[in-house]
Amino acid sequence: MMAHGYEQGRLNLPFVGISTFGKRPYVEDWSAIEAEVAVLGAPFDFGTQFRAGARFGPRAIREASTLFSFGHAGAYDHEDDATYLGPEVRIVDIGDADIVHTDTEASHANIETGVRAILKAGALPVVLGGDHSVNIPCIRAFDDQGPIHILQIDAHLDFVDVRHGVRHGHGNPMRRAAEKEYVSGITALGIRNVSSTAKEGYEAARRMGDDFLSVRQVRKLGTEAVLARIPKGARLYVTIDIDGFCPSIAPGTGTPSHGGFLYYEVLEILQGVAREHEVVGIDLVEVAPDYDPTGSTGILAAQVLLNFLGFIFHARGRR
């Protein structure tokens, strides 16, 4: 009998059953997480400045992720000659943080609680947004985890300090992160065109340790040169805004920006990051499925996350 185990257990096709992330087990009790990876939904979008709808992102990503739930023994990649996310990588879905409508601080606090529970369990947190403000409580949860460096994939710098009294919207997360003493720096890739951050915000970002490149600059430098800009040995928290991708492949987002990355450009960066760095946390944000009737944005988000997780644990097994 072949080791893949197709002959054993239920067929459990992608369109059957409950849509947890990758159809992995659901853990309701946050004090009983036993896994290498724990997925938390953060269905919060009160921080948006234009089109809302990212509150439905976690559901869309989970449903899309069932497409990749075939088989029982991981996914074989013939280009890499590697099997990713085999049964030795335990992934659980712990559901969503409780969102209190119209209350940003209470909602963010509940997201932070979820991330802290994952870290306490020794698992890798993967947070499904929600708008990009959910990164703020995610980074807060790392205050006792030692220094981290942030890798940001995004169309927008998100380095606004305060605008009309707002400090915790989706234009603020990287500014809030840069203020943390345990955040050693930020590498931002994909920043382009009209942005939510004014010129003084870009100047402040440079002063506070933010190294940013546009899509065109990344393409000109090439993957290896871009990876070399990330400090050697840095422990990385990776935040991926789906609008970092071109809206031709990711239209389901509130603030689309043309000229973005294509799939393999980001995938090769993430594979290099997983090979060279310890990845300590991930969030993927700003999927707003109602703007994409094809569902391809959610599929892209799920595929990026599953591949990235595969790269991370394959690299850990080689260390």
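Predicted model: local features only at pLDDT ≥ 70, side-chain atom pairs only at ≥ 80, totals over all residues.
**Entry 1: H8 against H9**

I began with helix H8, residues 263–276, and helix H9, residues 296–318. I found that their axes come within 8 Å and cross at roughly 25 degrees. Angles under 35 degrees count as roughly parallel, so I put H8 down as roughly parallel to H9. I noted the crossing of H8 and H9 as right-handed.

I then looked up which residues meet. From H8 I listed Tyr263, Leu267, Leu270, Gln271, Val273, Ala274 and Arg275. On the H9 side I listed Leu300, Gln303, Val304, Asn307, Phe308, Phe311, Ile312 and Ala315. Sorted by class, the residues of this contact come to 11 nonpolar, three polar and one charged.

**Entry 2: H1 against H9**

Next I took helix H1, residues 57–65, with H9 again. The axes of H1 and H9 come within 8 Å and cross at roughly 70 degrees. The range 65 to 115 degrees counts as roughly perpendicular, and I therefore recorded H1 and H9 as roughly perpendicular to each other. The crossing of H1 and H9 is right-handed.

H1 brings Ile61, Ala64 and Ser65 to the contact. H9 brings Gly298, Ile299, Ala301, Ala302, Leu305 and Leu306. I counted seven nonpolar and two polar residues in the contact of H1 with H9, and no charged ones.

**Entry 3: the cavity**

How many cavities of 30 Å³ or more does the whole structure have? My search of the whole structure gave one. The largest cavity holds about 40 Å³ of space. I wrote down its lining as Asn135, Ile136, Ile139, Arg140, Pro173, Arg176, Ala177 and Lys180. The elements that give two or more residues to this lining are helix H3 (135–140) and helix H4 (173–178). Which of them gives the most? I found that H3 does, with four residues. The classes in the lining of the largest cavity are four nonpolar, one polar and three charged.

**Entry 4: the second largest pocket**

Last, I looked at the second largest pocket and noted a volume of about 230 Å³. I found 16 residues lining this pocket. Those closest to its centre are Gly47, Gln49, Val166, Gly169 and Asn172. By class I have three nonpolar, 10 polar and three charged residues for the lining of the second largest pocket.

Conventions
Residues numbered from 1 in each chain as written. Heavy atoms only, no water. Axes fitted to C-alpha atoms, helices over the stretch in contact; angles between N-to-C directions. Parallel < 35°, antiparallel > 145°, perpendicular 65-115°, else oblique. Left-handed = near helix turned anticlockwise from the far one by under 90°. Contact = heavy atoms within 4.5 Å. Nonpolar A, V, L, I, M, F, W, Y, C, P; charged D, E, K, R; others polar. 1 Å grid on protein atoms, 1.4 Å probe; cavity = no way out; pocket = protein on both sides within 12 Å on 5 of 7 lines; lining within 4 Å. Points joined across faces, edges and corners; volume = space filled by probe spheres on them.
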